[in-house]
Amino acid sequence: MVPDVHNPACPTRVVLDRIGDRWTSLVVLNLLDGPLRFTRLRAAIGGVAPKVLTQTLRAMERDGLLHRTVHAEVPPRVDYELTALGRSLSTPIQAITDWAEAHVTDVEAARAEYDAAREDR
């Protein structure tokens, strides 16, 4: 099958879902400087439940975006690190992050205007 995001059966949509997941983007941004343990990654992201972060990390590992290394220590130490494929996401994710930070005020103003117009009806 030739990749075509407009085709509902195309697996490209699954990849877009992974990239578009809010936690995936934050994991990528936080792992750019190198591997992190689960607790430090969770603290760096902020606001993510342990279960949700675990699910996100497993999905990203399955998709080849990160590598999980278990160290034989007591207690066991687990590090998460981006693969080359995961690192390749940094440019588009950073571009979207930059856009969001540059336009957050515009989006908030548009929301307030929209909500005010709805209330007046």
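Biologist: Why does Val-70 count as partly exposed?

Modeller: In this predicted model, Val-70 has a relative accessibility of 49%. Buried means under 20% and exposed means over 50%, with partly exposed in between. The value of 49% lies between those cut-offs, so Val-70 counts as partly exposed.

Biologist: Where is Val-70 found, and which residues is Val-70 in contact with, leaving aside its neighbours within four places in sequence?

Modeller: Val-70 is found in strand 2. With those neighbours left aside, Val-70 is in contact with Arg-77 and Val-78. Contact here means heavy atoms within 4.5 Å. As for Tyr-80, it is 10 residues from Val-70 in sequence, and the two C-alpha atoms are 9.1 Å apart in space.

Biologist: What lies in the loop between strand 2 and strand 3?

Modeller: Pro-75 is found there, with strand 2 covering 66–71 and strand 3 covering 77–82. The peptide bond that leads from Val-74 to Pro-75 is cis, and its omega is near -5°.

Biologist: Let's move to strand 3. Is Glu-81 buried or partly exposed, and why?

Modeller: Glu-81 has a relative accessible area of 36%. Glu-81 lies in strand 3 and touches Leu-31, Pro-35, Leu-65, Leu-66 and His-67, if residues up to four places away in sequence are not counted. Asp-21 is 60 residues from Glu-81 along the chain, and their C-alpha atoms are separated by 18 Å.

Biologist: Thanks! What makes Arg-18 a buried residue?

Modeller: Its relative accessible area is 18%. Buried means under 20%, so Arg-18 is buried. Arg-18 lies in helix 1. Not counting residues up to four places away in sequence, Arg-18 touches Thr-24, Ala-59, Met-60, Asp-63 and Leu-65. Between the C-alpha atoms of Arg-18 and Ala-95 there are 17 Å, with the two residues 77 apart along the chain.

Biologist: And why does Ser-25 count as buried?

Modeller: Ser-25 has 19% relative accessibility, and the cut-off is under 20%, so Ser-25 counts as buried. Ser-25 lies in helix 2, residues 22–31. Beyond the neighbours within four places in sequence, Ser-25 is in contact with Ile-19 and Ile-93.

Biologist: How many of the residues in the chain are buried, as a percentage?

Modeller: Buried residues make up 24% of the 121 residues. The accessible surface comes to about 8600 Å², and carbon and sulfur atoms hold 55% of that.

Biologist: How does the radius of gyration of the chain stand against that of a compact globule?

Modeller: The chain has 18 Å, whereas a compact globule of 121 residues would have a radius of gyration near 14 Å. The C-alpha atoms fill a box of roughly 65 × 40 × 25 Å along the principal axes.

Biologist: What pattern does the chain follow along the sequence?

Modeller: The pattern is α-α-β-α-α-β-β-α-α, with 6 helices and 3 strands in the chain. Among contacts with a separation of 6 or more, 42% join residues 24 or more positions apart.

Biologist: Where is confidence lowest, and where is it highest?

Modeller: Confidence is lowest in helix 1 (residues 12–20), with a mean of 85, and highest in helix 5 (residues 84–87), at 97. Over the chain, the mean pLDDT is 92, and 99% of the residues reach 70 or more. Where pLDDT is low, the predicted coordinates should not be read in detail.

Definitions and conventions
Residues are numbered from 1 along each chain as its sequence is written. This is a predicted model: local features need pLDDT of at least 70, side-chain atom pairs count only at pLDDT 80 or more; totals for chains, interfaces and linings use all residues. Side-chain values use heavy atoms; hydrogens and water are left out. Helices (H or I, at least four residues) and strands (E, at least two) are DSSP runs, numbered from the N terminus. The radius of gyration is taken over C-alpha atoms; the globule rule is 2.2 Å times the number of residues to the power 0.38. Buried means under 20% relative accessible area, exposed over 50%, partly exposed in between (1.4 Å probe, protein chains only). Accessible areas come from the Shrake-Rupley method with a 1.4 Å probe; for residues, only the protein chains shown count as cover. pLDDT is the predictor's confidence in each residue, from 0 to 100.
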